[in-house]
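Colleague: Please take a close look at one part of this model for me. Then set that part against the rest of the protein.

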Amino acid sequence: MQSSHAASAVSAAFDDTNLVAYAGLVPVMRLAERCGLARLAAEKVKLTGAKNSAGAAADAKVTSIVAGMVAGADSIDDLDVLRHGAMPTLFGGIRAPSTLGTFLRAFTHGHALQLHAVHRRFLAALATHTPLLPGSAEKAFIDVDSTHKRVYGRAKQGAEYGRFKGVRTLHPLLATICTPRSRPVIAGVRMRRGKSADSRGAPKFVSEALATAAEAGCTGMRILRADSQFYNAGVIAACRRAGSHFSITTGMNPSIKRAVHSIPDQAWQQITYPTAVPDPETGELISDAEVAEIPAYTAFASRKKAEQVTARLIVRRVRDLAKPAVVGEQGELFPVWRYHPFITDNPAQTLQAEREHRHHAVVEQVIADSKASALAHLPSGHFNANAAWLTLWAVAYNLLRATGALTSAFHAKATTATLRAHLVHVPARIARSARRITLHLPHNWPWQHAWTHLFDTIHGPAG
């Protein structure tokens with residue numbers, strides 16, 4: 001491809017007041033309105049006593065931030081992408097970045113909890129109005145994980161040297177919901193200080209995530225999945241109080257080691273993965289493994305009887321490729337294995353339960369998505385402002401996932417970057433006639449039919 005005109009024959013001018021760069025925001029924000037985002041923000045977020053009128057029009061400010069994040073903003077300054085061309089004609093109440101920054105900095109911990117309530121109820125509304133979680137009435141998985149987000153400003157509240165030497169971080173905790181037929185959506189998020197232990201606040205957070213899943217229509221079997229940092233009696237007790245199953249990696253503590261080494265050789269079942277999977281410890285791709293089960297293993301045996309947990313201990317083992325298979329002229333006398341145990345009360349068959357537990361890695365896709373979009377930066381020096389930003393990202397993420405679910409089977413599984421490229425970042429010229437607005441979009445847009453289906457569905461009668 002090359003330029004069709006000489007350089008001297010081309011000029012540019014930013015002077016068209018009828019153009020917009022993100023026409024896809026029209027159906028997306030219409031969906032947000034239909035699901036009550038502005039109404040929920042107005043009802044729940046009450047920044048009483050905030051200076052500079054920061055608490056005024058919380059609904060307009062919340063929807064402005066969410067719309068900016070949907071369009072790809074990853075900082076407060078980037079929210080200015082909403083103020084161009086004909087955007088004020090299409091949307092009312094767009095706020096300037098400086099106003100939105102003042103709004104975020106007015107948040108306290110209590111206000112952040114109000115925003116969490118907005119997120120929970122908005123997710124339930126999205127699940128009601130869109131096929132967001134197909135199959136949730138039969139089975140749903142709730143995945144809990146934490147991540148460290150590196151920050152650079154030394155004045156950022158809560159940023160500390162934690163797990164990574166010499167790196168200052170904040171330490172978000174998040175929970176996702178998915179089904180065997182859907183991509184994950186976000187059930188809850190919490191911002192924490194950089195030095196916070198991985199499992200700090202986990203039992204309460206798990207209880208809230210399971211309750212959110214039920215509100216979002218997950219009325220069938222719910223299975224909480226988590227890594228070994230969440231292997232504690234409090235998390236499992238929270239699952240049982242909520243009527244949920246659990247599937248949690250245990251790590252190799254002395255009790256687990258004794259149990260694993262007691263498994264007879266004939267109990268191991270060979271499994272072959274259709275496609276190679278990464279080893280959680282080394283990152284190497286593996287295609288073969290062996291699985292065995294201890295039907296009744298009692299965890300937390302040193303605790304009082306009411307806190308002990310008896311459940312299935314399922315163990316996957318793979319050959320340790322770091323150990324040489326041949327030493328000198330003699331082959332290895334005994335194979336060296338690495339073990340990956342998890343405790344579960346999932347009633348599925350052993351191999352199916354192991355496969356479902358391994359799928360917990362899907363939560364890493366959400367974490368990667370966050371750091372490639374709105375969480376590329378934590379934009380404020382105020383801890384609670386960053387906590388609010390984190391929750392608003394979760395709202396925007398779920399809104400995009402619901403948009404994809406309404407659009408097509410392909411977009412229901414697409415990444416949010418793809419959803420933005422196909423559905424949101426569509427330029428358009430607006431024309432007004434007889435009190436009607438027509439969006440003129442690019443001819444031969446590759447995803448024209450999907451976009452039109454989304455637009456017609458959103459602007460049709462409410463379902």
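Modeller: Helix 1 covers residues 25–34 and is mostly covered. Seven of its ten residues are buried. They are Leu-25, Val-26, Pro-27, Val-28, Met-29, Leu-31 and Ala-32. Buried here stands for under 20% relative accessible area. Just after helix 1 comes Gly-36, with a positive phi of about 85°. Keep in mind that this is a predicted model.

Now the setting of that helix. The protein holds 15 helices and 17 strands. Across its 463 residues, 50% count as buried. The radius of gyration is 25 Å. A compact globule with 463 residues would have a value near 23 Å, so the two agree. Along the principal axes, the C-alpha trace spans about 80 × 60 × 50 Å.

Next, the surface and the charges. The accessible surface of the protein is about 22,000 Å². Carbon and sulfur atoms make up 53% of that surface. The protein carries 53 positive and 34 negative charges.

A pair of rings is described by the distance of the centres and the angle of the planes. The whole structure has six aromatic pairs. One of them is Trp-393 with Tyr-397. Their ring centres lie 5.8 Å apart and their planes meet at 55°. Planes under 30 degrees apart count as stacked and over 60 as edge-to-face. The angle of 55° falls between these limits, so the pair of Trp-393 and Tyr-397 is tilted. Both residues sit in helix 12, which runs over residues 383–407. Trp-393 and Tyr-397 are four residues apart there, about one turn of the helix. Both are buried.

Trp-445 and Trp-447 form another pair. Their ring centres are 5.5 Å apart. Their planes stand at 70°, so this pair is edge-to-face. Trp-447 has 28% relative accessibility and therefore counts as partly exposed.

Back to your part, then. Helix 1 has seven buried residues out of ten, in a protein where 50% of the residues count as buried. Among the buried residues of helix 1 are Val-26, Val-28 and Leu-31. Past the end of the helix, the positive phi belongs to Gly-36.

Notes
Residues numbered from 1 in each chain as written. Predicted model: local features only at pLDDT ≥ 70, side-chain atom pairs only at ≥ 80, totals over all residues. Heavy atoms only, no water. Helix = DSSP H or I, 4+ residues; strand = E, 2+ residues; numbered from the N terminus. Rg over C-alpha atoms; globule rule 2.2 N^0.38 Å. Buried < 20%, exposed > 50% of the residue type's maximum accessible area, 1.4 Å probe, protein only. Areas by Shrake-Rupley, 256 points an atom, 1.4 Å probe, with all protein chains shown as cover. Lys, Arg positive; Asp, Glu negative; His and termini not counted. Charge placed at Lys NZ, Arg CZ, Asp CG, Glu CD. Phe/Tyr/Trp six-rings, centres within 6.5 Å; stacked < 30°, edge-to-face > 60°.
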